[in-house]
Amino acid sequence: MASIWEKPAQYLKGVGPQRARLLARLGIHSVGDLLYHLPRRYEDRTLCRPVKAYGEGETATAEGEVVAVQETRARSGMSVLRVALRDRWGIFYAVWFNQPYVKKVAKVGARLTVTGKVKYGFGVPEIQVAEFEAGEGDEGLSTGRIVPVYPLTEKLSQRMLRTVVFNTLKAEAASCPEILPPDLLASHGLLERGRALCAVHFPESMAEAEEARRRLVFEELFLLQVALLRHRQRVLAVEKEHRCGADGPKVRALREHLPFTLTPAQERAWREIARDMESRYPMQRLLQGDVGSGKTVVAALALAKAAENGLQGALMAPTEILAEQHYLNLRELYAAVGIEAVLLTGSTKKEERLKRLAAVANGEAAVVVGTHALIQEEVSFQRLGLVVIDEQHRFGVRQRGLLQAKGKTPDVLVMTATPIPRTLALTLYGDLDLTVIDALPPGRQPVKTVWLRPAELGRVYRFVRAEVEKGRQAYFVCPLIEESEQLAAQAASKLARELEEIFPAFRIGLLHGRLKLEERDKVMAAFRRNDVQLLVATTVVEVGVDVPNATVMVILDADRFGLAQLHQLRGRVGRGAHASYCILIAERTTPEAAARMSALTTLADGFALAEEDLRLRGPGEFFGTRQSGLPELKVANILRDHALLELARTEAARYLERDPDLVSPAGRMIKAELEARFANIKNLVS
Ligand code: ADP
Ligand code: MG
């Protein structure tokens, strides 16, 4: 029997091709997707109170028999249908605006159930109907009970979705066998799967809804943890083909060559990484450190160590600008020690690319730096021994896996500035070991952050002028235009022209996603040399860009950015010994935006900001977790469900001790479910 993850939603009763397309917009393709599309919240529409017990403006649901119908027209021409209904407590009115067709069902003697806001006209309560149900409706799914309210898309109504879910539950209950081992259900008091699915959509009580959700959250997290732990075990079960020896002359020379000494935190990180590289089993390590903590140099050492041992290393970054910067950095560092590095990005020209691909394939290129271009099929390595992924939260688990698969048993180092707490990181990245760089390089002064109104731009310009005259540089980041890179580019060009008039003596550079590679390179190179003093940019500079002489970051319309993004942007300054400034320009807009900007002006450290973000936005939109690179969870919320996450991890580990290869009948159920459900991370689950 096909599992619910294989049956397309299109053939369900009441769906069809057109609605299937609407459902697809919600990410619902299969029966399973539909049943695991959980209500966002519930409305209690049980009928236990008279309408007059509700206050003005409260939402009430009531059922009654039609005793009179009156249609009038408002002066605007709008039709107003007022229906008197009687229930066991007396008479109340229901009102429909501009829906004259309701007359057809609201006939004297008919029974109606209506939901809507309560108004008191002349003492008699009146419900302004938002949803109603006549004899033939969705079988009472939308009234007289606890009603699910789903995330929707245009043209799909709550009632429609409720009916489809209800019918599907009736028809498909048999295809939803239990997938968790029975002893687990018993020991944690979890509902059985079919019951949980029914109850999560159409609960008898709010307590039951919560219980059902708990079961489904546990199930999802348990499956994910089984996948992560098995992946880890599989990786660690295979010995590396080539393990690295102790640091040799190249790594030692590189260390001598660094323009600074490593901080104790960097030393510690490097020792852990070197030890992993020398061990018999492949490294699987997450290197976490706030923006500016100096992760790159640790990666440079690791790549050099691989090269010294005759292995190739790959460094993948999420943007071309960042990849180019890493490449330039490494080329300079490695020149002295004789390590060959090449760059591969989407804009590398054909002829040049073929040359570089050949160098990668024959092993001449010891270190390969690039973007997603590295995971293209045409890229093959001679002896890939180390994979480094920068700004890992911008990639998915799948992409990490693809790069990893280009070597036999490469060491893997992923780096991120996402400040998730240690326990959570361990669980989230269940397949990785964790190293944290918890201190910034010495001499750094916190970036002074202020929030000013657009009317105060004159002051900002004077300040920027003074900094540039001292020899420093500044970024101007344009308002966020997410919908269109084209519009963002236009806004940036316009701002650059304005600044040219304000600062005729300074050189102004322009950087946006629409520029050709050469153009971008030229601008970045000029900015690095301080030939350009003011860099006008879109959010292309958000991650990684490192020009220590830049000390001012001006962000226009800062209220449009999220906290994580603002923190990343601010991280572009304060990278050297000079005092640095971040200036947020915004009108006082929404209270949320104001709270974000105040948080930024008072908090410097990423962890503190993450906590504030959690408080401001609730767990749903937590700092960077949406981009954590993990498969999208449908049911669980890793922060709110933190306790269940730990439980799921413990239980998954315990289960795998008994049945590591998932070959028992229960294990086979789990395996099949994993493969169907997390197909997008195949390399992790199969
Ligand atoms: P991130 O962790 O954000 O990737 P980077 O690796 O880009 O940080 O480093 C930020 C800046 O700090 C760079 O300019 C780098 O050269 C500098 N840096 C790194 N380590 C040290 C150190 N130990 N002492 C002084 N400066 C350092
Ligand atoms: Mg970085």
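**View 1. Met-316 and its bridge partner in β12.** Met-316 has Ile-389 of β12 as its bridge partner in this predicted model. Strand β9 (residues 312-316) and strand β12 (residues 384-389) run parallel and are joined by five bridges. Two strands count as paired if DSSP finds at least two bridges between them; strands (E, at least two residues) and helices (H or I, at least four) are DSSP runs, numbered from the N terminus.

View 2. Zooming out, seven strands line up as β10-β11-β9-β12-β13-β8-β14 in an open sheet with parallel pairing. Because β10 (341-344) and β14 (433-437) stand at the edges with a single partner strand each, one side of each has no neighbour in the sheet. From one strand to the next, the twist averages 20°. Helix α10 (residues 320-335) packs on this sheet and touches β9, β10 and β11 (367-370), where contact means heavy atoms within 4.5 Å. The direction of α10 makes about 155° with that of β11; angles run from 0 to 180 degrees between N-to-C directions, with axes fitted to C-alpha atoms, for helices over the stretch in contact.

**View 3. Helix α17 against helix α18.** Here α17 (residues 563-570) and α18 (residues 591-602) pack at about 35°, their axes 10 Å apart. Leu-563, Leu-566, His-567 and Arg-570 of α17 meet Arg-596, Ala-599 and Leu-600 of α18.

**Notes.** Residues are numbered from 1 along each chain as its sequence is written, and side-chain values use heavy atoms, without hydrogens and water. In this predicted model, local features need pLDDT of at least 70, side-chain atom pairs count only at pLDDT 80 or more, and totals for chains, interfaces and linings use all residues.

Technical notes. Chains lettered and ligands numbered in written order.
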